[in-house]
Amino acid sequence: MPFSILDSAKLEEAYNSVLPDPESVVLSTDGGRYDVYLYDRVRKAVYWEEEPSEVRRCVWFYKGDKDSRFIPYTEDFSDKLEAEYKRAVTTNQWHRRLMHNPKVIVQFQPSPTPDEWGTIQDGQARPRVVKRGIDDDHDEIPDGEMSQVDHLVFMVHGIGPVCDLRFRSMVECVDDFRSVSLKLLQTHFKKSLEERKVGRVEFLPVHWHSSLHGDATGVDSFHSRSRSSELPGLPAHWSRHLLFCCRTNMSQFSHTGSTVRRCRTSRSGCHSAFWILQN
């Protein structure tokens, strides 16, 4: 998925600038919720644990038969395509198999199934539709989030690792709240936004489930022992709920405090295009 226009422009500016120590360049994106390590091409979450996402500087995109949207090439392969494209433009000699003209470019992929001799027949190749740059066929790219934050909301979900009937993670559900909030600002407070009188509302997830469960805390083993012998005098249903309340209110399992501390020390504070590759 693409970065916002604001974040992409910030990354492109840093990429094109001459820096004394490029390996140490870290840029804040997505309203301050993620940091991009430009040299390593990875994006890491600031306020919660999450697998790093690959970041690519994209110029060339492809779409196969089974792809619903255009996917960026790797930067190395994109550089090769760009060099071939510039050569074809300057010499006006277009490769008949790859670049027919500036608007018709395809890449032939060999079939993964060889014949009985172990070779791949040329007629079995399936072409990919190739495009240079971003156009209307790509997903709508957001403008970006303003830096001014007027309100901060911590969101905590209930029992279990998933948050809704679609089995989405806490981060995905909170992203929906944030998206709706930004749309409401544009539709109901557009004039105040343009005059910088109001800021946005930031929503941050609190991940208690992964911190609470596991061998390090011993909660799962305590839970299994407790369920094997329910509290006397109480039905099993109420016994399990009381045990849950006792565990989640223990101070050693508090997770909100660390998130608040990271918010206070965050750089964002409260008062071509780059692409994020995700599974």
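1. Let's start with how strands 10 and 11 meet. Strand 10 (residues 149-155) and strand 11 run parallel and pair over six bridges; two strands count as paired if DSSP finds at least two bridges between them. Within this pairing, Leu 152 is placed opposite Glu 202 of strand 11. Strands here are DSSP runs of E with at least two residues, helices are runs of H or I with at least four, and both are numbered from the N terminus. Please keep in mind that this is a predicted model, in which local features need pLDDT of at least 70 and side-chain atom pairs count only at pLDDT 80 or more, while totals for chains, interfaces and linings use all residues. Residues are numbered from 1 along each chain as its sequence is written, and side-chain values use heavy atoms, with hydrogens and water left out.

2. Strand 11 deserves a look of its own. Six of the six residues in this strand (residues 200-205) are buried, so the rest of the structure largely encloses it. Buried means under 20% relative accessible area, exposed means over 50%, and partly exposed lies in between (1.4 Å probe, protein chains only). Arg 200, Glu 202 and Leu 204 point one way, Val 201, Phe 203 and Pro 205 point the other way, and all are buried.

3. Now for the aromatic rings. Rings of Phe, Tyr and Trp (its six-membered ring) pair if their centres lie within 6.5 Å; planes under 30 degrees apart count as stacked, over 60 as edge-to-face and the rest as tilted. The count by this rule is five aromatic pairs. One of them joins Tyr 62 and Tyr 73 in a tilted arrangement, 4.7 Å centre to centre with 45° between the planes. Tyr 62 belongs to strand 5 (residues 60-63) and Tyr 73 to the loop between strand 6 (71-72) and helix 2 (75-91), so this pair ties together parts that are eleven residues apart in sequence. Tyr 73 also forms a tilted pair with Phe 77, at 4.9 Å centre to centre and 40° between the planes. Tyr 73 counts as buried at 6% relative accessibility, whereas Phe 77, at 30%, counts as partly exposed.

4. Two charges over rings are worth checking on screen. The charged end of Arg 43 sits over the ring of Tyr 34, 3.7 Å from its centre, and that of Lys 44 sits over the ring of Tyr 37, 4.8 Å from its centre. The rule asks for NZ of Lys or CZ of Arg within 6 Å of the ring centre and within 35 degrees of the ring normal.

5. A word on backbone angles. Most residues other than glycine have a negative phi. Arg 41 has a positive phi, near 60°, and is found in the loop between strand 2 (34-37) and strand 3 (42-45). Phi of Phe 167 is also positive, near 60°; this residue lies in the loop between strand 10 and helix 3 (170-188). With 64% relative accessibility, Phe 167 counts as exposed.

6. Finally, helix 1 (residues 5-16). Its buried residues are Asp 7, Ser 8, Leu 11, Glu 12 and Ala 14. Seen down the helix axis, these fall within an arc of 165°, so they line one face of helix 1; the arc is taken from the directions from the axis to the C-beta atoms. The face turned away from the buried side carries the exposed residues Glu 13 and Asn 16.
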